[in-house]
Amino acid sequence: MRPSRVFKLIIVASLLVAAFFYIVKVTNKDEKVRTRDDEEDKGIDFAEEHKDFAEERNDIKSVIKKEDGEKKPEEDSSPQEEAHQQNEKSVNLSDRNPSSVQEMRSIINDVNFNQEVHNLDKFPKRPEEGIIIVVQVHNRPEYLEQLVKSLGAAKSIEKALLIISHDYFSKEINKIVESIDFCQVMQIFFPFASQFYPDEFPGQDPNDCPRDIPRDKALEIECTNAAYPDMYGHYREAPFTMTKHHWWWKAHRVFEGLKATRDHKGLVLFLEEDHIVSQDFYPTLELMAKLQQGECPECDIISMGLYDRPSNYQSVGDMVDVITWQSSKHNMGMAYTRDTWAKIRSCSKEFCTFDDYNWDWTLQHVSGRCLPSTLTTMVILGPRVFHIGTCGMHHSNKDAKCEVEKEVGYVEDLLRRNKPYLDPSGLYIKQRFDKSAVIKTMKPNGGWADPRDHRLCMSYAKMQMVGQNDT
């Protein structure tokens, strides 16, 4: 065979090999992109995937820079002047009737950017050690109304800053919040709730895979998240992801993003819309904070609620236990400082990628698998925070009536019978449990395997830079 012919055959073979590898590369391109772990490490900002929000963020940043350049220290307003200015410019949210999703997004983005604190005319200053109370609210006004009523009857509540964190825009709920007149109050909105993105991620995109479709069928029809069923073979359901997203976002927002709270050194108490509180919850929490500082510096979390509540407070009304935190027992009425938040935040990737749609089960996982030592809680044995929810996402009987008044009646009767044992002058540690005790590993519930959820969750830290003035 002639050398020139051999040379030509070599060239042809080389081209065929190159073409083969190119076809393989193109075929696998999407899968390679999806499996890059470094995307999750970087915590890609969800705003990059939504141009309209990214542009709005840039507009906000330019406004901030302009305002910072014009502001002079001697022009700072007094609390009274600030209250007067806010009263002049405020428009009640209950009077807003957005006609489109885009208008609704615009309203909640304005609220989040303005960070308006209401009732400054009545409560112009709070004590530095005043407790911040954050309530996560969805769309159960009948419960929220009872919580607000119990907070309004609580002693020393005027010291608090109450932050209502919404993931649903509702005229009825806004009216309830606007009725609060017993302390400073602020509203914030989780900006990526399903209501604000009804037909696209983070809501339920029409092209997302149905929950129970087999993976091979999902790959065949090429639905958006076909490659990512959870550990049980199910695909993402947007409503079930919202609570965990909201919980993580609001913690970032309160500790890092709000001007009114980001320098707060004291406790932040986290409640939910279907909780109510005792009249002495605030001074009792102050006593727990004092006991924590003096006798339990290792306590990361204060727990003010118990699901197995005693019927008689006589022997436990002024007692606490120190124990390893467990999500199924100590997730109600949790209070902690930014030091504890810093510990939890250091495990952001573990929190944001763990295949469980529940924030509390995920936190249990973080405590046992990521932190240097498990979270320790100081729990009040005579609870001051109570769960009254009888219907909702985690209740098996979806047709059950929300017997709110009945549940409230149970709690009010309990507190009435135990009135002599409330308002303690001091608190005492009854028992310290061995921290080395092994907490049973909890099996994940799934529902959190989609990398879009992971990336959105990881991006919240970056988002808190929006709206902050350079100092």
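**Reading the backbone and the confidence**

A: Let us begin with burial, where a residue counts as buried under 20% relative accessible area. Asn119 has a relative accessibility of 15%, so Asn119 counts as buried. Please bear in mind that this is a predicted model.

Q: Where is Asn119 found, and what is its phi?

A: Asn119 lies in the loop between β1 and β2 (132-137). Its phi is near 70°, a positive value in a residue other than glycine.

Q: Which value does phi take at Gln115, and is Gln115 buried or exposed?

A: Phi of Gln115 is near 50°, again positive in a residue other than glycine. Gln115 sits in the loop between α6 (101-114) and β1 (117-118). The same cut-off of under 20% applies: with 6% relative accessibility, Gln115 counts as buried.

Q: Which residues does a cis peptide bond join?

A: The cis peptide bond joins Phe201 and Pro202, with omega at about 10°. Pro202 belongs to the loop between β4 (184-189) and α9 (215-221).

Q: What pLDDT does the chain average, and where does pLDDT stay under 50?

A: The average for the chain is 84, and 75% of the residues score at least 70. Over residues 22-44, however, pLDDT stays under 50, and the model has 21 contacts beyond four places in sequence for this stretch. Residues 394-399 also have a pLDDT below 50, with seven contacts in the model beyond near neighbours in sequence.

Notes
Residues are numbered from 1 along each chain as its sequence is written. This is a predicted model: local features need pLDDT of at least 70, side-chain atom pairs count only at pLDDT 80 or more; totals for chains, interfaces and linings use all residues. Side-chain values use heavy atoms; hydrogens and water are left out. pLDDT is the predictor's confidence in each residue, from 0 to 100. Contact means heavy atoms within 4.5 Å. Helices (H or I, at least four residues) and strands (E, at least two) are DSSP runs, numbered from the N terminus. Buried means under 20% relative accessible area, exposed over 50%, partly exposed in between (1.4 Å probe, protein chains only).
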